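Visitor: I have a structure to read, and I am new to this. Please show me how to go about it.

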Amino acid sequence: MTTVTTRTVEYPADGLTMIGHLALPSGTGRRPAVLLGPEGPGLSDVERRRADALAELGYVALAFDIHGGRYFADPEEMLARCMPLLADPDRMRDIGHAALDVLRAEPRTDPDRIAAVGYGTGGAIALELGRDGVDLRAIGTVNGLITGRPGEAARIRCPVWAGVGSEDPIMPPAQRDAFTAEMQAAGVDWRLVVYGGALHAFHHPPVDQEVLPGVGYHPRHAQRAWRDVVDLLAECLPVTE
């Protein structure tokens with residue numbers, strides 16, 4: 001296991017002071033990098049640990065913030081914050097670009113080798129960076145199969161991998177179909193994995209708080225989805241010495 005160095009990074013976005021978690025692999029040279037976005041409630045230790053795990057694999061990883069340091073444990077407060085955000089591609093792009101600027105400014109980052117992976121709202125932000133034409137090596141989204149403005153998916157310049165639970169009522173079959181139709185029409189190299197029997201946020205360990213209906217942890221599929229993300233990065237963004 002490599003030695004991982006972490007630090008908190010603050011930066012402005014969406015009129016807020018965002019507080020991200022940067023994880024660096026051992027060594028001194030430049031490495032490929034991953035922008036990691038959280039679910040709707042916000043950045044938590046789950047995403048911080050994932051960033052650390054990516055750094056152990058040799059990536060520079062930034063788990064980015066979407067709520068200015070807040071974590072919305074109350075579902076109604078979370079929806080009040082996230083629904084307007086998800087309806088505004090330009091706001092999502094601004095949040096994504098601000099985090100991307102921080103990641104690119106890190107001396108250990110190879111600015112020509114960056115991927116974006118996100119969960120829920122963070123996945124929607126990763127997709128919007130692609131639709132904005134950002135030069136990414138890969139995009140991964142779990143639970144965030146949000147369609148974009150007409151024609152803009154044609155700007156996506158990298159493979160897109162998406163994962164969703166078969167029983168997710170927030171991302172139902174109609175939404176999955178709309179997303180894959182958008183990707184196909186745009187000529188994107190896309191993949192969709194449907195995890196049988198899984199609900200929304202199936203990847204997220206149980207939390208001691210109220211959750212929305214249709215949200216639930218599925219430990220086997222959580223492990224599988226993580227392996228799928230790692231495989232995506234190994235294919236599109238391999239770590240080389």
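Guide: Start with contact, which means heavy atoms within 4.5 Å. This is a predicted model, in which local features need pLDDT of at least 70 and side-chain atom pairs count only at pLDDT 80 or more, while totals for chains, interfaces and linings use all residues. Residues are numbered from 1 along each chain as its sequence is written, and side-chain values use heavy atoms, with hydrogens and water left out.

Visitor: Which residues does Phe202 touch?

Guide: Leave out residues up to four places away in sequence. Phe202 then touches Val142, Asn143, Val164, Gly165, Tyr195, Gly216, Tyr217, His218, His221, Ala222 and Ala225. Take Asn143: it is 59 residues from Phe202 in sequence, and 8.7 Å from it in space, C-alpha to C-alpha.

Visitor: Is Phe202 buried or exposed?

Guide: Buried means under 20% relative accessible area, exposed over 50%, and partly exposed in between (1.4 Å probe, protein chains only). Phe202 has 0% relative accessibility, so it counts as buried. Phe202 sits in the loop between β8 and α6 (219-236).

Visitor: How do I read the two sides of a helix?

Guide: An α-helix has 3.6 residues a turn, so residues three or four places apart point the same way. Now look at α5, residues 173-185. Arg176, Phe179, Thr180, Glu182 and Met183 are buried there. Seen down the axis of α5, the buried residues fall within an arc of 155°, so they line one face. That arc is taken from the directions from the helix axis to the C-beta atoms. On the other side of α5, Ala174, Asp177, Gln184 and Ala185 are exposed.

Visitor: What do the buried residues of α5 pack against?

Guide: They pack against α4 (121-131), β7 (160-165) and β8 (190-195). After α5 comes Gly187, with a positive phi near 75°.

Visitor: How do I read a crossing of two helices?

Guide: Under 35 degrees is roughly parallel, over 145 roughly antiparallel, 65 to 115 roughly perpendicular, and the rest oblique. The axes of α2 (residues 75-86) and α3 (residues 89-105) come within 6 Å and cross at roughly 100°. That makes α2 roughly perpendicular to α3. Arg81, Pro84, Leu85 and Leu86 of α2 make the contact with Arg91, Met92 and Ile95 of α3.

Technical notes. Helices (H or I, at least four residues) and strands (E, at least two) are DSSP runs, numbered from the N terminus. The expected span of a helix is 1.5 Å times one less than its number of residues. Axes are lines fitted to C-alpha atoms, for helices over the stretch in contact, and angles run from 0 to 180 degrees between N-to-C directions.
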